[in-house]
Amino acid sequence: MKKILLLPIVAIGLVGCTSEEASVGSEETEVVVSDEQGRAAKEESLERLETVSKERKDATEEEGYMKSEDFPSVKNGVNILANAIGSEALITMNDDDHMDEQYNKLKGDIDSLSSEDLYLGMEKIDTFKNVYESAIMKTIHTSMKSLDIDGYESEMHGFNLVNDSSTPVDEINESADSYIDTLNWIKDDLEALKSESEKYGKKFTDEEVDKLNEIISGLKVSAVNQIGVLSNFTKARIDTGITLEEYLEEAKDEYNEAEQAVTELEGELELEYVEDSE
């Protein structure tokens with residue numbers, strides 16, 4: 001018999017413990033995990049991994065490589081599973097060798113973990129906390145870094161650094177176009193993030209969905225307004241009737257509200273974002 005303790009997440013199979021079941025008693029909630037439940041957890045984890053593998057194969061079949069729009073789904077499929085079971089496997093880039101390495105690492109961890117550990121992991125795999133931590137949080141924070149107008153690593157700060165009153169107009173035009181492209185890329189990333197959260201969020205509460213949508217929407221609106229600012233420095237400038245000050249004020253307000261929502265949400269989830277070391 002094997003023993004585990006599951007904090008009050010689930011309360012199933014607590015009656016009729018036999019020689020084929022395991023349980024631990026303590027001041028916490030006692031949970032029984034049968035051999036059957038352990039086998040089912042391993043089977044589900046392997047099925048999920050195989051599903052991601054097939055998705056990756058299908059995504060690369062036509063062109064021989066994975067398109068950027070297909071990558072988030074494959075990446076998140078692996079990372080959500082890995083995070084749930086405590087594996088250090090982590091896909092971070094659209095590179096075949098890298099993805100092969102992380103896939104094999106995760107497969108090895110699934111094979112080596114006890115049925116109890118897998119059971120615990122699969123019980124939390126679709127929770128908002130697990131999905132947010134493994135598939136959403138990094139994109140949120142990297143987007144915030146680029147959209148924080150007052151920050152030194154923002155796109156607006158970068159534009160101001162490379163342009164001043166002595167910069168030729170053509171260079172300013174070209175620079176503005178470049179930074180607009182980056183902001184559009186960030187906006188697309190946030191839109192893709194919403195689609196991915198909908199894919200994995202079938203068990204999210206309405207409150208969790210609303211909070212996440214609030215964050216994503218606020219950051220997207222901030223990006224749109226910053227694009228509005230930079231559009232005034234392009235050759236294709238169109239007079240929208242909105243002043244630079246109005247664009248900037250709206251961009252800052254939306255960003256600040258989104259940032260506050262992120263702080264509150266991650267506080268509730270007891271998560272702390274740690275930026276990747278260079």
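Trainee: By class, how many nonpolar, polar and charged residues does the lining of the largest pocket have?
Mentor: This is a predicted model. In the lining of the largest pocket there are 15 nonpolar residues, 12 polar ones and 12 charged ones.

Trainee: What volume does the largest pocket have?
Mentor: Its volume is about 1200 Å³. The largest pocket is lined by 39 residues, and Lys75, Thr92, Ala135, Lys138 and Thr139 are the closest to its centre.

Trainee: Where does the largest share of the lining of the second largest pocket come from?
Mentor: It comes from H1, with four residues. Helix H1 (35–61), H2 and H7 each supply at least two residues there. By class, the lining of the second largest pocket comprises five nonpolar, two polar and six charged residues.

Trainee: Changing topic to Ser134: is it buried or exposed?
Mentor: Ser134, which is found in helix H5, counts as buried because its relative accessibility is 15%, and the cut-off for buried is under 20%.

Trainee: Which residues is Ser134 in contact with, leaving aside its neighbours within four places in sequence?
Mentor: Ser134 contacts Asn76, Asn79, Ile80 and Asn83.

Trainee: Now the rings. How many aromatic pairs are there?
Mentor: The count comes to four aromatic pairs. One of them joins Phe159 and Tyr179 in an edge-to-face arrangement, with 6.1 Å centre to centre and 80° between the planes.

Trainee: Why does that pair tie together parts that are apart in sequence?
Mentor: Phe159 belongs to helix H6 (residues 155–162) and Tyr179 to helix H7, so the pair ties together parts that are 20 residues apart in sequence.

Trainee: Are Phe159 and Tyr179 buried or exposed?
Mentor: Phe159 and Tyr179 are both buried.

Trainee: Which residues do ring pairs link into a cluster?
Mentor: Phe128, Tyr132 and Phe204 are linked into a cluster by ring pairs.

How values were computed:
Residues are numbered from 1 along each chain as its sequence is written. This is a predicted model: local features need pLDDT of at least 70, side-chain atom pairs count only at pLDDT 80 or more; totals for chains, interfaces and linings use all residues. Side-chain values use heavy atoms; hydrogens and water are left out. On a 1 Å grid over the protein atoms alone, a cavity is a set of points where a 1.4 Å probe fits but cannot get out, and a pocket is an open set with protein on both sides within 12 Å along at least five of seven lines; lining residues have an atom within 4 Å of a point. Grid points are joined across faces, edges and corners, and a volume is the space filled by probe spheres set on the points. Ala, Val, Leu, Ile, Met, Phe, Trp, Tyr, Cys and Pro count as nonpolar, Asp, Glu, Lys and Arg as charged, and the others, Gly among them, as polar. Buried means under 20% relative accessible area, exposed over 50%, partly exposed in between (1.4 Å probe, protein chains only). Contact means heavy atoms within 4.5 Å. Rings of Phe, Tyr and Trp (its six-membered ring) pair if their centres lie within 6.5 Å; planes under 30 degrees apart count as stacked, over 60 as edge-to-face and the rest as tilted.
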